[in-house]
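Colleague: Could you walk me through this model? Please begin with a single side chain.

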Amino acid sequence: MKLPVDLSGSMPGDVDQVAKLGSMAFMCTMMANLLPCLSTMDNNALLSNITVLCLLIITIVVNVCIQIQTGVVSSKEVASVWKVIYALNEVKINTDRNIILASIYVASLLWLLMVHVCSCLAILKSKKIIESKYQQGHDQALEEIKQSSGELLTVVQLQKHVKNHWIMAGSGSPQFITACFRTTSASGVICVFVTILHTLTMFWSIDAIMKKDCRSDYGRSMIAIVIVQFIGVVIGTIAPLSRCFAALSFKVSLKIISNDFKVFKLESYWTSKLYDWKRASLKLPFRSHGLNVIFETSKRLILCFCIEFQSGFVVVCKILALIPFVFMICVLYCFRCLKWLLHKDRFNSPLQRFSSLEEKNDLLEQNEDLRPYVLQLEDEVELAKRTLEGLSKSVYQLIQNDENREANDNFLKLIEQSSTRNFQGVAKFDNIDKYHMHHVPFLLQKVEYQDCWSLPVVTLTTIAVSLPGIESEVDNLLNFVREGLRYVTLVEENLNASDDYVNVQDAAKTLWKEVDIDHEWLGHKLQDPSSKGETTRQIVDWYMDKAKNIVYLEDTSRNDDSIGRSMCANSMYRITKTILITYFTNTDGEVSQRELFDNLSSMITDIIAVSQTYLKS
């Protein structure tokens, strides 16, 4: 964007002029592609980005207008407008042509800027409408899966629940809603128009490029700039052009076609935000009643003008959007007639026709069950069957891929093999009596924290993989924990979002990264010779002693990292203390490493399995 705002640089060469014009065409393409991204921003980010975009476009427009007046946008050969029109084979780019093209690009930039501003006002209101409808759909979906006491969800019910929310997420996506705006279609039309103009400009300047007519300070690098600009403009037009046909996502009927031609019928969400601002009362710093009246009257007049301008601009955008819409309708009906002619004899027997009809009815019935969960701004417009089928197939494919993953098979297999009856491992990993009523206390009260599932899982895994003699089982356990922590973290982040829980969850994530990647526990190497003992008890004692040293020596008031280390060390102390009391007190002999590993694996699988029962919540 340096070339359009370069007021001092001389651009005498034809290639230099093409590069300057190409920069403006490239900016138009970028703005047309930026439009759907606005819907992903919150209100503050949207306001700040639109403000910055306005400043940028106004700066470019003012600079280009100055260059048009001062002759910077010019060429060495002068010709009239009529010569430009009737002599398209003229190789040299002339002054009139450059000025006309620059003026068109300036108008396009201003038009696209107004499209962005008007779309932002609609986005602010449409988000609230979609959020309200999402909440209604969410409540309806929850009503369908309400279970009686003690009854578990079936796989079919869970899959249907996932499909319902997938349809709501897909149809209510802010990008999809914005892509269906008439202003988005209008921006696509402007983008295509600019691309056609720039393509013609490149065609007219082929000879100048071949002769390397570059006489600015940028030298022959302008040729590379021109080529890159042209490639960017052509490729960047694909997405805005495809969004012009967003109407294909909805049912096409005579009623819908008739509604689209009612361009003067304005939906409420286009001006609703402006009306809210008009009705809002402001606390003014003026004590004078007269000044307050003047300010309030001025505000109303300005907003009334903005409302009328917004309404008129949207109407013009709707008229522009009719261009691709009419073209699309003509092509669609021609295609349907051709398809009917080619496939009318496809099914020769009544049995084939009946079988095909039955399959279509089954698929239609499944999709119609999902239609109540489709979120739309306009209730009278319905998603096309093809769009609904695409959303349904995408979630079905996602479920199938997840079911076929080998990691999931290993994950479920290890749960079935290692979990205990009634998940007893959840109750005994930090208890010191057989009734599970007494917990091992924290070493220091100042680091007491709310326990979570992930931290004991990581701690138990650390001890398990440190046991020598079971190397063949370590990889399977680590793979299981990697897969399990994904789901455990998902449950924790959604159910336990308070600061107390978030701190211990962050500590668990940091510790797991250290164990899984660096093969260390709080700076100590796993299976290090210094941590190995001749017996299983010595290994557990080593971890308990290291945990005590870290807790007592760590300054928890220093930073959050020290607090996290103390949490991890406390978890290790409580678990190792429980292991020593449970397995090494009043026993006839030493517990084998295999036996301890199996018990630790059972605790890990029980904790992960129990955490998944909260997925419904």
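**Salt bridges and surface**

Modeller: Arg-279 counts as exposed, with a relative accessibility of 59%. Exposed means over 50% relative accessible area, buried under 20% and partly exposed in between, with a 1.4 Å probe and protein chains only. The model is predicted, so local features need pLDDT of at least 70 and side-chain atom pairs pLDDT 80 or more, while totals for chains, interfaces and linings use all residues. Residues are numbered from 1 along each chain as its sequence is written, and side-chain values use heavy atoms, leaving out hydrogens and water.

Colleague: Which side chain does Arg-279 meet in a salt bridge?

Modeller: Arg-279 meets Asp-276, at 2.9 Å from N to O. A salt bridge here is a side-chain nitrogen of Lys or Arg within 4 Å of a carboxyl oxygen of Asp or Glu. The two residues are three apart in helix α12, so about one helical turn separates them. Asp-276 is partly exposed, at 29% relative accessible area.

Colleague: How many salt bridges are there in the whole structure?

Modeller: A search finds ten. One of them joins Arg-486 and Glu-483, whose closest N and O atoms are 2.9 Å apart. These residues are three apart in helix α19 (residues 471–495), hence separated by about one helical turn. Arg-486 is partly exposed at 46%, whereas Glu-483 is buried at 7%.

Colleague: And what does Lys-318 pair with?

Modeller: Lys-318 forms a salt bridge with Glu-267, at 3.1 Å from N to O. Because Glu-267 lies in the loop between α11 (254–261) and α12 (272–279) and Lys-318 in helix α13 (residues 289–343), the pair ties together parts 51 residues apart in sequence. Lys-318 is buried, at 5% relative accessibility.

Colleague: Which residues are linked in a network of salt bridges?

Modeller: Glu-296, Lys-299 and Arg-300.

Colleague: Changing topic, which residues form the nonpolar patch on the surface?

Modeller: Ile-227, Ile-231, Ile-235 and Ile-238, with about 390 Å² of accessible area together (Shrake-Rupley method, 1.4 Å probe). Patch residues have over 30% relative accessible area and no salt bridge; nonpolar side chains are joined within 5 Å, like charges within 9 Å. Helix α9 (residues 221–236) gives the most, with three residues. Ile-238 is in helix α10 (residues 238–243) and is exposed at 57%.

Colleague: How many helices and strands are there overall?

Modeller: The chain has 23 helices and two strands. These are DSSP runs: helices are H or I with at least four residues, strands E with at least two, numbered from the N terminus. Of the 617 residues, 45% are buried.
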